[in-house]
Amino acid sequence: MMGSKTNLLSELIQQSNALYFRNYLYKFQGMKMKYMWHIVMPCLPIFLYNLLNAIGIFGEGSDGVPRSITISIGIIYYYIFSETIVGFSAALESNKSYIVKTGVAFRACYLSVLYAVLSNFVIRYLVFLIIYFFYDYRFSPNLIYAIFYFLVPVLVGASLGLILSVFTVFYRDFNNFVQTIAFYMLFGSGVFGLIDGTSTLEIFVSNLPSYITVANAKGLILPEFEFNGSNVLVWTSISLFLCSLSIVGIRNSKGLVVNYLR
């Protein structure tokens, strides 16, 4: 029994690694810059906003923190959330040939997306740390603790992406819909500024998981901002519940999904 479980785990890891190499690591194979694109593409928004800050477009915020730092933090953690939900929602559809022809496990498809999200996060965070120390701004030990905070947006994004992944198989339009929403949610997620109003719309937006993720990332790293642990706990609990339901639902509908992919 133990040997059987070990073999299944080993096979799952091999499958997820193969999909990760194909869909992410070898994505720019054949291009002259190759692996450099893995640094340029994820970090392009960070480079852009820091360049604008360097030429004086942004300046300092009212709290004394360079805006490029707060925006960079927001971009890093928002993209963890958006890349997870977009990647998970398209995981089955984008790998359908492997699922049908070679019997790749659903879990391997999701794991390969998780590897890609984690890779982009590590690249962005390392670049951010380099940029951070170029500014005349004090070091915060929370920069180390914030590394583990990536689990929150991953969990929230995965809980929604798992549900959507089944719908995307039957209704391919869902993929474009999810990508569009994820792109435009960037502007209402607290990346460029936190919400301090009390209107119905502002209250609604400030309670979205994307906004809570970004706002608390800034609060965790920068002492000038507030970290609201209760909001993080609420969405973590909701996401764990949704993940559990999604896993059960996907497991029960696996036969139907595979048949439809054919």
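This is a predicted model: local features need pLDDT of at least 70, side-chain atom pairs count only at pLDDT 80 or more; totals for chains, interfaces and linings use all residues.
Apart from neighbours within four places in sequence, the contacts of Ser 159 are with Ser 239, Leu 242, Cys 243 and Ser 246.

## Helix 8 against helix 13

Helix 8 also packs with helix 13, which spans residues 254-261. The angle between the two is about 35 degrees, and their axes are 9 Å apart. The crossing of helix 8 and helix 13 is left-handed. On the helix 8 side the contact is made by Val 166, Val 169 and Phe 170, and on the helix 13 side by Leu 256, Val 257, Tyr 260 and Leu 261. By class, this contact has 7 nonpolar residues, with no polar and no charged ones.

## The second largest pocket

Helix 8 (151-170) is one of the helices that each supply at least two residues of the lining of the second largest pocket, together with helix 6 and helix 12 (229-252). Helix 6 gives the largest share of this lining, 5 residues. The space in the second largest pocket is about 490 Å³.

In total, 17 residues line the second largest pocket, and those nearest its centre are Phe 106, Arg 107, Tyr 110, Leu 162 and Ile 247. The lining of the second largest pocket divides into 14 nonpolar and 3 charged residues, with no polar ones.

## The largest pocket

The largest pocket holds about 1000 Å³ of space. Its lining consists of 33 residues, and Lys 27, Glu 83, Val 86, Gly 87 and Asn 120 are the ones nearest the centre. Five helices each supply at least two residues of the lining of the largest pocket: helix 1 (2-25), helix 2 (37-54), helix 3 (67-89), helix 6 (106-132) and helix 9 (173-184). Sorted by class, the lining of the largest pocket comprises 19 nonpolar, 10 polar and 4 charged residues.

Gln 15 lies in helix 1. Its relative accessibility is 14%, which is under 20%, and therefore Gln 15 counts as buried. Leaving out neighbours within four places in sequence, Gln 15 is in contact with Gly 103, Val 104, Ala 105 and Ala 108. Met 41 is 26 residues from Gln 15 along the chain, and the C-alpha atoms of Gln 15 and Met 41 are separated by 26 Å.

Ile 130 has its place in helix 6. With a relative accessibility of 52%, Ile 130 counts as exposed, because the limit for that class is over 50%. Ile 130 and Ala 182 are 52 residues apart in sequence, and their C-alpha atoms are 27 Å apart in space.

## Trp 235 in helix 12

Trp 235 is found in helix 12.

Once neighbours within four places in sequence are set aside, Trp 235 is in contact with Val 156, Asn 207, Leu 208, Pro 209 and Ile 212. Phe 81 is 154 residues from Trp 235 along the chain, and the C-alpha atoms of Trp 235 and Phe 81 are separated by 13 Å.

Note on methods: Residues are numbered from 1 along each chain as its sequence is written. Side-chain values use heavy atoms; hydrogens and water are left out. On a 1 Å grid over the protein atoms alone, a cavity is a set of points where a 1.4 Å probe fits but cannot get out, and a pocket is an open set with protein on both sides within 12 Å along at least five of seven lines; lining residues have an atom within 4 Å of a point. Grid points are joined across faces, edges and corners, and a volume is the space filled by probe spheres set on the points. Helices (H or I, at least four residues) and strands (E, at least two) are DSSP runs, numbered from the N terminus. Ala, Val, Leu, Ile, Met, Phe, Trp, Tyr, Cys and Pro count as nonpolar, Asp, Glu, Lys and Arg as charged, and the others, Gly among them, as polar. Axes are lines fitted to C-alpha atoms, for helices over the stretch in contact, and angles run from 0 to 180 degrees between N-to-C directions. A crossing is left-handed if the near helix is turned anticlockwise from the far one by less than a right angle, and right-handed if clockwise. Contact means heavy atoms within 4.5 Å. Buried means under 20% relative accessible area, exposed over 50%, partly exposed in between (1.4 Å probe, protein chains only).
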